[in-house]
Amino acid sequence: MDACVKQREYTAKDYKSEVKPIWCPGCGDYSVLAAITRALASMQLAPENVAVVSGIGCSSRIPAYTSVYGFHGVHGRALPVATGLKIARPDLTVLVTGGDGDGFSIGGNHFLHACRRNVDLTYIVMDNQVYGMTKGQASPTTEPDWEGSKLTPDGAGIESFHPLVVALAAGANFVARCSSSDPNNVADIITQAIRHPGFSLVQVLSPCVTFRPEQQEWKHMVRTAVVDVTDDAARAARRLMTDDGFNVGKVLYKGNRPAWQPEPKGAVAVAELEADFAL
Amino acid sequence: MSGQTVSLVMAGSGGAGVVTAGSLLLEAAARAGWYAYMTRSSGPQIRGGEAAVMLRLGTEPIASHDDCFHLLVGVDWQNVGRFAAEIPLGPQSLIIGDPGEGETPEVFTRSGAQQIALPMKALAKKIPDGRPNMVAFGAIAALIGLTEDVVVGVLRDTLKRKGEEAIAASLAAFRAGVEAAADFPAVPRLPAGKADTSERWSITGNEATGMGALRGGVRFVAAYPITPATEVLEWLAPALPKVGGVLVQAEDELASINQIIGGSYGGVPSLTATSGPGLALMTESLGLAVAAEVPIVVIDVMRVGPSTGIATKSEQADLNIAVYGLHGDAPHLVLAPTSVADCLFTTQWAVHLAESLQTAAIVLTDQAMGQARAVMPRAAAVSFIGQRERPAALAEGVQYKRYANTASGVSPMAIPGMAGFMYTADGLEHNETGTPSSQASDHQAQLDKRLRKLTGYNYGDHWADITGDEDADTAILTWGSSAGPAREALARLRAAGHRVKLVAVRLISPVQPEKFAAALEGVERVLVVEQSHSGQFHRYLRAQYDLPRQVRALHHPGPLPVRPGAIVEHITQWS
């Protein structure tokens with residue numbers, strides 16, 4: 001009988017929880033949350049087969065705001081949790097969400113190795129170039145001359161990190177940049193990222209209107225990138241090295257590496273391994 | 001220690017082949033029906049370098065090294081003196097040295113041990129492809145009563161791939177050693193062993209730990225190499241895929257512990273192994289596993305600390321970090337095997353407890369136990385009842401409460417893929433459904449529940465190994481690898497008419513005050529034995545348990561092991 005009943009269609013609302021976000025009004029992360037739920041709905045993924053994993057920070061609060069399985073761990077360790085989950089449970093669709101501090105500072109080493117390892121994960125980084133949860137300190141992507149933080153009143157003084165170029169160098173299989181001001185585009189790119197095998201990095205420019213109010217201008221500064229996707233990492237990196245960071249809305253790189261997924265080789269009884277120790 | 005034993009050391013510089021000869025000797029002794037216990041010490045060089053293999057062979061299972069060695073064979077003496085403190089000798093000992101390799105170092109001769117010359121190099125030279133270590137092997141075999149037929153079998157099996165000539169050369173050198181030793185002074189000679197050895201294993205503590213993990217159901221392991229824990233991971237790497245699991249090499253210990261948290265959240269029992277420095281890095285995420293109630297097991301094969309310490313040598317000084325290292329009130333499990341064989345049982349039990357109680361379990365083994373090889377009775381398969389509890393079907397419209405405040409404190413845990421049970425696991429304090437909460441009442445309720453599930457659980461008799469006289473007035477309290485020498489001391493003391501019991505604590509945390517009190521019923525004095533500079537175990541017992549009025553502590557730092565004789569001396573001189 002059930003076979004004759006048409007499966008209910010999931011809408012974006014089906015992926016959203018009742019928990020009210022702690023974000024400030026105007027925060028770009030609202031749009032990214034909406035984009036994630038739209039992407040999941042567009043793919044009609046059963047909520048129980050999706051997991052969203054995060055570390056610590058404003059954007060890392062996303063798992064509780066979804067109705068799929070969620071994991072909200074410690075600062076900087078979202079990628080290892082997601083890696084373990086996906087390897088242990090390859091049947092799941094695993095998304096990782098977080099910010100620039102969580103991903104590129106405290107979690108920097110994991111970021112490099114997640115790109116290298118190329119496990120089939122979709123990593124959505126909401127980049128606002130600031131630590132928001134701790135009330136406004138310079139992050140790895142902050143401009144060196146930003147003087148808005150009490151911690152670095154003369155500016156951070158060091159060059160900002162270039163996550164997309166680093167991701168390409170480290171071996172990520174999918175690289176895209178988009179802007180929270182265009183949630184439909186973000187949803188489209190996340191959908192492509194989920195569909196693409198291996199490790200996908202989606203950088204979303206997502207303004208912090210509280211500690212970086214000047215970022216409210218971002219919606220006027222971003223422009224749709226005029227380049228087409230390439231499978232040549234060197235070419236993609238060169239383009240990124242010379243742009244100003246506001247070319248958005250496009251997938252910049254799609255690699256051809258297969259996802260890495262170690263497989264069990266059998267199912268012998270544990271007792272059979274005792275032969276290792278027999279005299 | 002019942003039965004007869006003989007203790008010997010083979011030492012030499014890099015290339016002398018003492019580790020090879022020691023392994024062959026252990027294998028031959030095992031086939032001869034003897035039990036064995038072997039540890040190694042080596043210089044700081046990455047490859048080669050001086051080494052010493054220490055073996056104790058006997059007619060009954062062996063718990064630890066003896067107070068001193070009966071026999072020291074120096075294939076050469078280059079840098080071997082640096083092991084002197086680990087090779088106690090006495091006037092009854094025999095030192096065999098090669099006269100062509102210079103004088104026996106004074107650190108050994110001042111023991112008063114008898115010395116005898118064996119020109120190992122010269123004898124080996126007479127044989128095409130002959131090697132001095134095989135001459136040494138022959139002399140040892142002759143002295144301790146190992147027969148040639150057994151050795152021939154071992155050489156044939158071990159050197160099979162090297163061909164007949166290699167086997168013949170080794171055998172000829174072995175025979176030269178046997179002949180030369182014909183008129184050597186005696187060392188204890190072991191009687192013939194049991195012929196049927198089918199129920200015996202040759203296994204290291206680290207391998208036993210790996211096997212315990214698999215028997216416990218672990219099917220996901222994340223690994224970051226560190227001495228002396230690497231062998232746990234390297235044994236598991238090929239073993240896991242065979243039983244349907246996987247092992248991943250992580251980029252650091254922060255990653256390895258978080259990967260296993262991810263794997264376990266996905267429903268697969270998960271484990272990692274490390275040593276002190278790695279455990280220090282993992283402590284934040286151990287707290288995550290406690291708060292989010294994700295079962296994980298972390299093996300800490302302890303080495304000398306703090307910091308890099310002495311990476312290749314043993315110490316029992318990670319007890320404090322294991323028990324107290326987590327911030328906040330974070331009740332978790334800390335367990336410690338009491339022997340090489342027990343690494344298997346305790347690891348399996350730790351997996352079972354972590355899964356049943358949905359928390360983090362730390363298993364403290366150490367270098368001495370982990371890298372020791374024992375020929376021991378085959379470890380019987382144990383099966384525990386109970387596992388990770390899954391939620392039952394929910395009534396229509398009822399929300400799943402991942403962190404439900406149940407009577408036992410254990411809340412049924414859904415895993416991804418189960419429709420209708422979606423929740424977010426969280427290191428943030430949360431309410432019963434898992435929604436983050438900063439309310440005092442939620443914090444109190446969740447703290448109570450996370451503690452209650454551990455303190456209310458019945459750990460049965462496994463919390464400690466209790467042996468000796470029921471009506472003892474004296475008890476030895478110890479843990480981990482110090483339990484080996486304590487067992488031997490107990491046997492010696494009882495043989496001498498003392499009424500003594502031994503309590504080797506396996507479940508360090510949570511504490512078991514009622515069982516502990518029952519175990520010490522009637523005991524008037526307690527000797528606490530451990531291998532740490534500050535007496536961490538003694539202080540822990542003082543803080544957590546009621547002890548009798550008379551308490552003494554025998555403790556010293558690594559790498560020197562506690563010797564049974566030191567324990568016997570403490571008790572006999574205490575009156």
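Student: In what order do the five strands of the open sheet in chain B stand?

Tutor: This is a predicted model, in which local features need pLDDT of at least 70, side-chain atom pairs count only at pLDDT 80 or more, and totals for chains, interfaces and linings use all residues. Residues are numbered from 1 along each chain as its sequence is written, while chains are lettered from A and ligands numbered from 1 in the order in which they are written. Strands are DSSP runs of E with at least two residues, helices runs of H or I with at least four, numbered from the N terminus, and two strands pair if DSSP finds at least two bridges between them. The pairing is mixed, and the order in chain B is β16-β18-β17-β20-β21.

Student: Which residue is the bridge partner of B:Leu477?

Tutor: β17 (474–479) and β18 (500–505) of chain B pair in the parallel sense over six bridges. In β18(B), the partner of B:Leu477 is B:Val503.

Student: Which strands does helix α15 of chain B touch?

Tutor: Contact means C-beta atoms, placed from the backbone, within 7 Å. Helix α15 (residues 483–495) of chain B packs on the sheet, and the strands of chain B touched are β16, β17, β18 and β20.

Student: Which element gives the most to the side of chain A that touches chain B?

Tutor: The contact takes 42 residues from chain A and 52 residues from chain B. Elements giving two or more residues to the chain A side include α2 (62–65), β2 (69–72) and α3 (78–88). With eight residues, the one that gives the most is α3(A).

Student: Which residue of β15(B) does A:His72 stand opposite?

Tutor: β2(A) pairs with β15 (residues 424–426) of chain B in the parallel sense over three bridges. Opposite A:His72 stands B:Asp426.

How values were computed. Contact = placed C-beta atoms within 7 Å. Axes fitted to C-alpha atoms, helices over the stretch in contact; angles between N-to-C directions.
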